[in-house]
Amino acid sequence: MLTPSQTGRGPAALILLARLDSRRLPGKGLMDLGGRPVLGRAIDRLRRCRVVGSILIGTSDRAVDDPLEAFAEAEGVGCFRGDAADVAGRCRAAMRANGLDWFVRICGDSPFADPQVTDTVAEAFLADPRLDIATNVFPRGYPIGASAEAVSAGALDRILAGSDDIAWREHVTAWAYEHAERFAIRNIEPGHDRYSGLSIAVDTPDDLARARAAVAALPDPAKATLEEVVAEYVQAD
């Protein structure tokens, strides 16, 4: 297993991006999911990552997201607060504030974020110092809700310099994928198509109901493999 110190890459963190005013499911990050908040389930699983051990919740500086800062403090993880709409800018500011050379982006609505998949993406990034981005969404092969993107500070600077359009910045890496010829990107794929069209994220009330059923069925949701999680979702559908 590669570590940043072995490759010349500097410090990194997993940044869980979250806000509490989601249009389809407001407050979802702190909603109960089998005795733990949705974000708590993600943290439980991501604490099993071996490559990047530091976790930050990256949220907005608005009052509506004050509970996320309190939650981060209670969980013993970091929190960075920045611009609500300019998510790419928020990530870059979080990197500067925490002395990070790169980060792994995880969506906060992913209670089944997978540590093994996240480690695989991070290791791919570390294995090639020329890479700007290692990802598993370009194209997507893993389920929505198991996405991970390792992004260098330099790549994020070029993304921010490339466009000040919030439509691009809201999705952090979208501008880089649209201009892939300007970036060194490696995509990680599962090697099969069993995850095609599948989502294990929590974005709607129906998603939350499915996630609750999966948590109830899994012996240990924090340690369940992605295959075990997916099996519960497929059975529920």
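Residues 24 or more positions apart make up 70% of the contacts in this protein chain that have a separation of 6 or more, where contact means heavy atoms within 4.5 Å. This is a predicted model, so to speak of local features I need pLDDT of at least 70, and side-chain atom pairs count only at pLDDT 80 or more, while totals for chains, interfaces and linings use all residues. Numbering runs from 1 along each chain as its sequence is written, and side-chain values use heavy atoms, with hydrogens and water left out.

Now the overall fold. The protein chain has 10 helices and 7 strands; these are DSSP runs, H or I of at least four residues for helices and E of at least two for strands, numbered from the N terminus. The radius of gyration is 17 Å, close to the 18 Å that the globule rule gives for 237 residues, so the chain is as compact as a globular protein of that length. That radius is taken over C-alpha atoms, and the rule is 2.2 Å times the number of residues to the power 0.38. Along the principal axes, the C-alpha atoms fill a box of roughly 45 × 45 × 30 Å.

Of the 237 residues, 54% count as buried, meaning under 20% relative accessible area, with exposed over 50% and partly exposed in between, for a 1.4 Å probe and protein chains only. The accessible surface comes to about 10300 Å², and carbon and sulfur atoms hold 48% of that; the areas come from the Shrake-Rupley method with a 1.4 Å probe.

Next, one residue in the last stretch of the chain. Tyr233 sits in helix 10, residues 226-236, and counts as buried because its relative accessibility is 2%. What does Tyr233 touch, leaving aside residues up to four places away in sequence? The list is Phe112, Ser199, Ile200, Asp207, Arg210, Ala211 and Ala214. Ile200 is 33 residues from Tyr233 in sequence, and their C-alpha atoms are 7.4 Å apart.

Two backbone points to finish. Most residues other than glycine have a negative phi, and most peptide bonds are trans. Phe138 and Pro139, however, are joined by a cis peptide bond, with omega about 0 degrees. Pro139 is in the loop between strand 5 (133-135) and strand 6 (149-152). Val172 has a positive phi, near 60 degrees, and is not a glycine. Where is Val172? Val172 lies in the loop between helix 7 (166-169) and helix 8 (174-178).
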